[in-house]
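Visitor: Please put the model up, and then let me ask about it.

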Amino acid sequence: YTVETVKTSPFDGQKPGTSGLRKAVTVFQQAHYTENFVQAGLWAGLGDKLKGSVLLVGGDGRFFCEEAAHLIIRIAAGNGVSKIVIGKKAILSTPACSHIIRKYKLSGGFLLTASHNPGGPDGDFGIKYNTDNGGPAPEGVTNKIYELTKTIKEYKIVSNLKVDIGQLGTSKFTVGGEPFVVEVIDNTADYVEFMKQIFDFPAIKTFLQTKRVLLNAMNGVTGPYLRKIFVEEMGLPSDSCLNCEILPDFGGKHPDPNLTYAKDLVDIMKAGQHDFAAAFDGDGDRNMILGHRAFFVTPCDSLAVLAANLESIPYFRQNGVKGFARSMPTSEAVDKVAQRLGKDCYQTPTGWKFFGNLMDADKISLCGEESFGTGSTHIREKDGVWAALAWLSVLASTKKTVQDVLLDHWNIYGRNFFTRYDYENVSSEAGEKLIAGLEAFIKNPNSKGTTLTAPTGQKYKVAVADNFEYTDPIDGSVSKNQGIRILFEGGSRLIFRLSGTGSSGATIRVYVEEYVKSDNPSAYEQDAQAALGPLVAIALQVSKLRELTGRDQPTVIT
Ligand code: VG1
Ligand code: CO
C-alpha cells in the first residue's frame with residue numbers, strides 16, 4: 001500500500017469540549033472534517049512518537065462509529081502508526097478503552113462516542129483522544145489539537161486499505177515498505193476479567209441470589225458487558241438486564257441515566273418489586289443508582305458513600321486508600337468523609353481529564369462528578385458498570401438496603417442536599433449574557449457579605465463569590481473560568497456554568513447545594529426538591545435566568 005497526501009483546509013470550531021469533539025453526525029460526515037480532526041489528534045497526541053505507535057480504537061456503537069473507525073485506521077496507517085487494536089465492529093465501552101490502553105501499554109487511542117447525547121443520522125457523534133495513561137488528553141493536548149485544526153493543510157491516508165473489523169483476529173499489511181497491523185479484539189473479555197480481579201464476584205453472586213435487581217443499558221454500549229457479568233457470571237435471569245441491544249440511535253432516546261431520561265426504569269422501580277437498579281449511558285461511563293421503590297442516590301452521595309465504604313472492595317483492601325477528588329460543582333458530601341478519615345480531598349474543574357494527574361501521582365483513589373460519574377484508579381475514565389459493582393459490594397458487605405445505607409450515612413456526616421437544573425438548547429447569546437451578569441455580581445465588592453433572601457423568607461449570606469480557577473497540583477497548569485461560584489455561610493452553594501458537551505446553542509447548568517447537619521434527622525430526611533426550593537429561587541433571581549432565557553422550567557432536573 002502507498003500513502004497519499006490529501007490537500008485539505010481548516011474547519012471552524014474543532015475545539016474539543018469537556019470530553020472531546022462533539023457535533024451533529026452530519027458535521028462529521030462532511031468531506032475531510034473527521035480526517036482533519038484525526039490527523040490533528042495524531043500530531044498533538046503523539047508528536048515525535050507517532051511513527052511506530054500502537055493505538056486503540058473503540059466506540060459506543062452509535063451511528064457513524066464504524067465509518068469513523070475505518071477512517072482512523074487508514075489515517076493511522078498513513079502516518080506510520082504500526083498497529084491498531086480495535087474492538088470487534090469498533091465496539092468498546094469508554095471504561096474498557098481506558099483499561100485496554102493501560103493493560104497492553106498502548107500509545108493512546110481514539111474513543112468514538114458522544115456519550116449521553118442522542119445518536120443516529122440526526123443525532124450526535126464525537127471523537128476523543130486518550131493518552132497512554134488511558135485517560136482523556138489533558139488540556140495541553142486538546143488545546144494543541146485545536147490549534148492544529150486551525151492551520152491544517154494536508155493529511156496522510158492509505159485510502160484503499162480495507163480491514164474486516166467484524167471478525168476477531170489479526171490482519172497484516174505493508175504500507176510504504178513498513179508493516180502495519182490491525183488486531184480485532186473481543187468487546188468484553190479484558191474488561192470482565194479485570195472486574196473479577198477488582199471485586200469479590202462470589203460474594204456479590206451470593207448476595208444477588210436473594211435480591212431482585214435491574215440493570216438498564218439504555219441501548220448503549222454496556223449491554224454486552226451487563227449480560228456477561230450479571231447473567232453469565234452472576235447467574236441473574238436474563239430479564240434483569242434491560243435494553244441490552246446496542247442500537248445505532250439508542251432507540252431514539254437520550255442514553256443518559258437520570259430521573260428524566262431513565263424514567264421508565266424509575267417507574268418500574270416505584271412498583272416496589274426490586275431491591276436495586278442501575279442504569280448506564282451510551283458509552284458506559286455514567287451510572288445511576290436506585291434502591292427499593294426508586295429511592296434515588298444522588299451521584300454526589302454515591303461518591304461519598306463509596307468513599308466511606310471502600311474496604312468492602314478487595315481492590316482497595318489490597319491497594320490502600322489515598323485521597324479523594326470531586327469536580328467543583330459536585331457536592332461537598334465526599335469532603336466530609338475525607339475529613340473524618342483524615343484523607344485529602346481535591347476539587348477539580350468539570351471533566352474527567354482533570355483527575356488523571358492526581359491518580360497518576362497516587363494522590364487519590366476515588367473520584368467522581370455530580371453528573372453520574374464515579375470512578376477509581378483502576379482506570380482513567382469514570383466507570384458505570386464498576387460503580388454498580390461497587391454499590392453491590394457495599395450492600396453485600398453491610399447487609400443494608402440502599403436507603404438505610406444513605407440514612408446511616410447522613411446520620412454520621414449530615415446531608416448535602418443537591419440538585420442540578422439544566423436549561424438545554426438556549427441561545428448562545430442568552431447563555432453568555434447570563435454568565436456576564438453573574439460575572440458582574442461576583443466582581444461587585446458589595447456582593448461578598450450581602451444577604452440574599454428567598455421569596456419564602458430564608459436568608460443566605462454570601463461568603464465567597466468568584467469564578468473557579470484551578471491550578472493542577474502536579475503539573476502547575478492553570479485552568480481559568482471554570483464556573484461561577486456563590487458560596488454561602490454554613491456550606492450552601494450555587495454554581496453556574498455553560499455545558500462544554502452540547503453540540504448546538506448553549507446549555508446552562510445551575511447547581512444547588514444545601515448542607516444540613518447530622519443532628520437534625522427531620523431536616524435531612526426531607527424531599528430534596530422541597531429542601532432546595534428556596535435556594536433554587538435565589539439562583540433564578542440572582543442570575544435573572546427566566547428573564548434572559550424566557551424559560552420557566554428547566555429541561556432536566558437531576
Ligand atoms: C458534562 C458533565 C461533566 C462530564 C461530561 C462528560 O459536561 O457536566 O461532569 O464530565 O459531561 O461526561 P458539561 O461540560 O456538558 O457540563 V460523558 O458521560 O460525556 O463522558
Ligand atoms: Co459518557
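Visitor: How many Å separate the centres of domain 1 and domain 2?
Guide: The bounds come from an automatic or database domain assignment. Domain 1 spans 4-187 and domain 2 spans 190-413. Taken over C-alpha atoms, their centres are separated by 28 Å. This is a predicted model, where local features need pLDDT of at least 70, side-chain atom pairs count only at pLDDT 80 or more, and totals for chains, interfaces and linings use all residues.

Visitor: How are residues, chains and ligands labelled?
Guide: Residues are numbered from 1 along each chain as its sequence is written, while chains are lettered from A and ligands numbered from 1 in the order in which they are written.

Visitor: Which helix gives the most to the side of domain 1 that touches domain 2?
Guide: Contact means C-beta atoms, placed from the backbone, within 7 Å. By that rule 31 residues of domain 1 meet 33 residues of domain 2. Helices are DSSP runs of H or I, at least four residues, and strands are runs of E, at least two, numbered from the N terminus. With 8 residues, the top contributor on the domain 1 side is helix α4 (residues 94-103).

Visitor: Is Gly223 buried or exposed?
Guide: Gly223 lies in helix α8 (residues 223-233). A residue is buried with 20 or more other C-beta atoms within 10 Å of its own, exposed with 12 or fewer, and partly exposed in between; C-beta atoms are placed from the backbone. Because Gly223 has 27 such atoms within 10 Å, it is buried.

Visitor: Which residues are closest to ligand 1?
Guide: A residue counts as near if its C-beta atom, placed from the backbone, lies within 6 Å of the molecule. Ligand 1 is surrounded by 18 residues. The closest are Thr18, Ser115, Ser499, Gly500 and Thr501.

Methods
Two residues are in contact if their C-beta atoms, placed from the backbone, lie within 7 Å.
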